[in-house]
Amino acid sequence: MLLWISPHLLLAAVSVLMYKRRLYRDFPFFWLYTLYETVEFALLYALNSIPRITGQQYTYAFLATLVISIALRFGVIREVSDDLFRDHQFLKEAARGSLRWAKALLILAGIACAIFVPGEDTGRLIGGLAVINRGVGIVQCGLLVFLMCFSHLLALSWRSFAFGIALGVGVLSSIDIAAYAIRAQGVSEEWARALNLLTTGSYLICSLIWFGYILAPERKSSVVATVSGDEVDNWNRELQRWLSS
């Protein structure tokens, strides 16, 4: 319960700080994502605490909230790539095109899984959303790996808030995908509990990264212009003329 509650308290703090510092104007999707995840947690926590809510009802509520969360994460990926690659127009357009194709393929794969995979309707719906969710995680991991490999070449600042967003979602997605791959091999009940704690704990790490980045804003570097000696002499003569007048 601690690993479930604490990350969302940090997300609430991140959303408040973003609003105070007007960062929601630069990252509207990420700001909406932090607000939504906080409200989603409050709803699911309330449903989990009500005895008359059945497991199936809770599952349907979880799936409905997951759909909106996936859509917001696509928006977060796009606005982060646009911000980080704003000085590289070719990479910016290439990232937009790749995200459009990835989005279409993931949605088609999720629909196909929900239709053609045998089983109950709930199980097929969960399978379809799981395909899309894992696909979004792979895209997020790919963005993080690209930034890590080419940050120096593209002169991307590690102190920028956009880089912090990408780092957080990349860490969260990589751990989630790794845990999913281990769980798919078939593990014992004890290992399944440990993997659940690992996944939930990674969300706490992700929230701490975002919270830390927003508390330590990017340092703006000032550009010092080079002034020639002749221009300085002209300024001195004009200043002396102005003082003597």
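This section describes the fold, the nonpolar core and selected residues of a predicted model. Residues are numbered from 1 along each chain as its sequence is written, and side-chain values use heavy atoms, with hydrogens and water left out. Local features require pLDDT of at least 70 and side-chain atom pairs count only at pLDDT 80 or more, whereas totals for chains, interfaces and linings use all residues.

The protein chain contains eight helices and zero strands; helices (H or I, at least four residues) and strands (E, at least two) are DSSP runs, numbered from the N terminus. The order of elements from the N terminus is accordingly written α-α-α-α-α-α-α-α. Of the 245 residues in the protein chain, 37% are buried, where buried denotes under 20% relative accessible area, exposed over 50%, and partly exposed the range in between (1.4 Å probe, protein chains only). Contacts are defined by heavy atoms within 4.5 Å. Among those in the protein chain that link residues at least 6 apart in sequence, 72% join residues at least 24 apart. The accessible surface of the protein chain amounts to about 14900 Å², with 66% belonging to carbon and sulfur atoms; such areas come from the Shrake-Rupley method with a 1.4 Å probe, and for residues only the protein chains shown count as cover.

The largest nonpolar core comprises 29 residues. A core of this kind is a set of buried Ala, Val, Leu, Ile, Met, Phe, Trp, Tyr and Cys residues joined through side-chain atoms within 4.5 Å. Met18, Phe30, Phe161, Ile165 and Trp210 have the most contacts inside the largest core. Two or more residues are given to this core by each of α1 (2-20), α2 (28-49), α3 (55-84), α6 (161-184) and α7, and the largest share, eight residues, comes from α6. Beyond residues up to four places away in sequence, methionine 18 touches Leu23, Tyr24, Phe27, Phe30, Trp31, Phe161 and Ile214.

Isoleucine 214 is located in helix α7 (residues 189-215) and counts as buried because its relative accessibility is 2%. Its contacts, leaving aside neighbours within four places in sequence, are with Val14, Leu17, Met18, Arg21, Leu23 and Phe161. Glycine 164 is 50 residues away from isoleucine 214 along the chain, yet their C-alpha atoms are separated by 8.5 Å.

Threonine 34, in helix α2, has 0% relative accessibility and therefore counts as buried. Its side chain reaches the backbone oxygen of tryptophan 31 at 2.6 Å. When residues up to four places away in sequence are not counted, threonine 34 touches Leu11, Val14 and Ser15. Between threonine 34 and methionine 18, which are 16 residues apart in sequence, the C-alpha to C-alpha distance is 9.8 Å.

Most residues other than glycine have a negative phi. Arginine 22, although not a glycine, has a positive phi of about 60°. This arginine lies in the loop between α1 and α2 and, at 40% relative accessibility, counts as partly exposed.

On the surface, Ile182, Val187 and Trp191 form a nonpolar patch with about 290 Å² of accessible area together. Isoleucine 182 belongs to helix α6 and, with a relative accessibility of 42%, counts as partly exposed.

Terms used: Patches are made of residues with over 30% relative accessible area and no salt bridge: like charges are joined within 9 Å, nonpolar side chains (Val, Leu, Ile, Met, Phe, Trp, Tyr) within 5 Å. A salt bridge is a side-chain nitrogen of Lys or Arg within 4 Å of a carboxyl oxygen of Asp or Glu. A polar contact is a pair of N or O atoms within 3.5 Å; within protein, one must be able to donate a hydrogen and the other to accept it, and residues adjacent in sequence count only if both atoms are side-chain atoms.
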